[in-house]
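Please examine the sequence and the structure shown below before reading on. The paragraphs that follow lead from single residues to the chain as a whole.

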Amino acid sequence: MRRAEHAITVHAPAKVNLSLEVLGRRADGYHELRTVFQAAGLFDALTVEDAPGLSLTVEGDAPGSGDNLVLRAARALIERTPEGGERGAHIHLRKNIPAGAGLGGGSSDAAATLLVLNRMWDCALNREQLAEPARELGADVPFFLYGGAALGAGRGDVLTPLRTPSQLWLVLAVPPFSLPGKTARMFGRLTRDEYTDGSRTLALASDLERGVPITTEQLYNGLFPAALREFDDLAGYVAGLRRVSTLDWMLSGAGPACFTLAGAREEAEEIAGLARRLPGTCHVVPALEPLSSYDLWPPPPPSPA
Ligand code: C5P
């Protein structure tokens, strides 16, 4: 039996993109972005314990194979540490964040893996050093090393922290459909007239930084038209959301999850209550402060007697 007293459990949050603009295609094939990420209080849980070799078990909706970003993150850390070859861990991933929805669950699991194994294996890499393997795992992964709100430039991996809005609640509406390889597909189907100059995103970032309350009219996603073309059922789903609440609903990342904002939990719950009549799931979650200001780590486990 595994000795539970040696296990560490950490939580990996979801995100939304409050704004996401695609500026154009880069020479490396990726797209130049300006985006405002906001960490959201819906969590996957990773329980990690020392073990010979690397292994992963998954509970819930996620790829459990070698393709899972959690194992790739663990291997990336091993490659970067001198006694790497001797490291091992068993990781149990409990999924709550819907996979393939645009809420960043897989990227967040990867970042949480880097953070927790860095601590468990005493690798002593700082956040900037962890950001290197993180950006190789995916453009969204570095954000999850910091959380809170951040402006993302480059591929979304060049980050500037922003002030987290106070009293911001998110209603996350997740329709019951997905599309394999959808992120690459969405970017691949963008037309030139869907590129914008990033000014909306910078204006939103500036409002956040100055503590100006943001409104749902400021939400933007340059991938939304491509998502409406690619996901057959998305247009009908969004029309359903608009009947539920006349507030603007925005696509998160490459979708298909959509979200809106509320200034109070009760207001968010009221919207979600109606949105739950649609197919899929709906979550009411707070916008999260950066990692440094909330306690991601549980208290250390008691030492064995
Ligand atoms: O980095 P990640 O693996 O999440 O990206 C998946 C795919 O999305 C990339 O292979 C690329 O085709 C596309 N992408 C892009 N520009 C970005 C981020 C992702 O074209 N800034």
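Does Ala124 count as buried or exposed? At 68% relative accessibility, Ala124 counts as exposed; here buried means under 20% relative accessible area, exposed over 50%, and partly exposed in between, with a 1.4 Å probe and protein chains only. This is a predicted model, in which local features need pLDDT of at least 70 and side-chain atom pairs count only at pLDDT 80 or more, while totals for chains, interfaces and linings use all residues. Residues are numbered from 1 along each chain as its sequence is written, and side-chain values use heavy atoms, with hydrogens and water left out.

Ala124 is found in the loop between α2 (105–120) and α3 (127–137). Helices (H or I, at least four residues) and strands (E, at least two) are DSSP runs, numbered from the N terminus. Although Ala124 is not a glycine, it has a positive phi of about 55 degrees. Gln167, also not a glycine, has a positive phi of about 55 degrees. The loop that holds Gln167 runs between β6 (158–162) and β7 (169–174), and Gln167 is exposed, with a relative accessible area of 58%. A further loop, between β9 (250–251) and β10 (258–262), contains Pro256. Gly255 and Pro256 are joined by a cis peptide bond, with omega at about 5 degrees.

The next residues lie in strands. Ser19 belongs to strand β1 (residues 8–25) and is buried, with a relative accessible area of 0%. The side chain of Ser19 makes a polar contact with the side chain of Thr201 at 2.8 Å. A polar contact is a pair of N or O atoms within 3.5 Å; within protein, one must be able to donate a hydrogen and the other to accept it, and residues adjacent in sequence count only if both atoms are side-chain atoms. Leaving aside neighbours within four places in sequence, Ser19 is in contact (heavy atoms within 4.5 Å) with residues including Arg34, Val36, Leu204 and Tyr220.

Asn221 lies in strand β8 (residues 220–221) and is buried, its relative accessible area being 4%. One polar atom of the Asn221 side chain lies 2.7 Å from the backbone nitrogen of Leu223. The side chain of Asn221 also reaches the backbone oxygen of Gly253 at 2.9 Å. When residues up to four places away in sequence are not counted, Asn221 touches Leu20, Met250, Leu251, Ser252 and Gly253.

Ala150, in strand β5 (residues 149–153), is buried with a relative accessible area of 4%. Not counting residues up to four places away in sequence, Ala150 touches several residues, among them Thr35, Phe37, Phe143 and Leu162.

The whole chain may now be considered. Its secondary structure comes to eight helices and eleven strands. The radius of gyration is 19 Å, close to the 19 Å that the globule rule gives for 305 residues, so the chain is as compact as a globular protein of that length. This radius is taken over C-alpha atoms, and the globule rule is 2.2 Å times the number of residues to the power 0.38. Along the principal axes, the C-alpha atoms fill a box of roughly 60 × 45 × 40 Å. Of the 305 residues, 55% count as buried. Among contacts between residues at least 6 apart in sequence, 76% join residues at least 24 apart.
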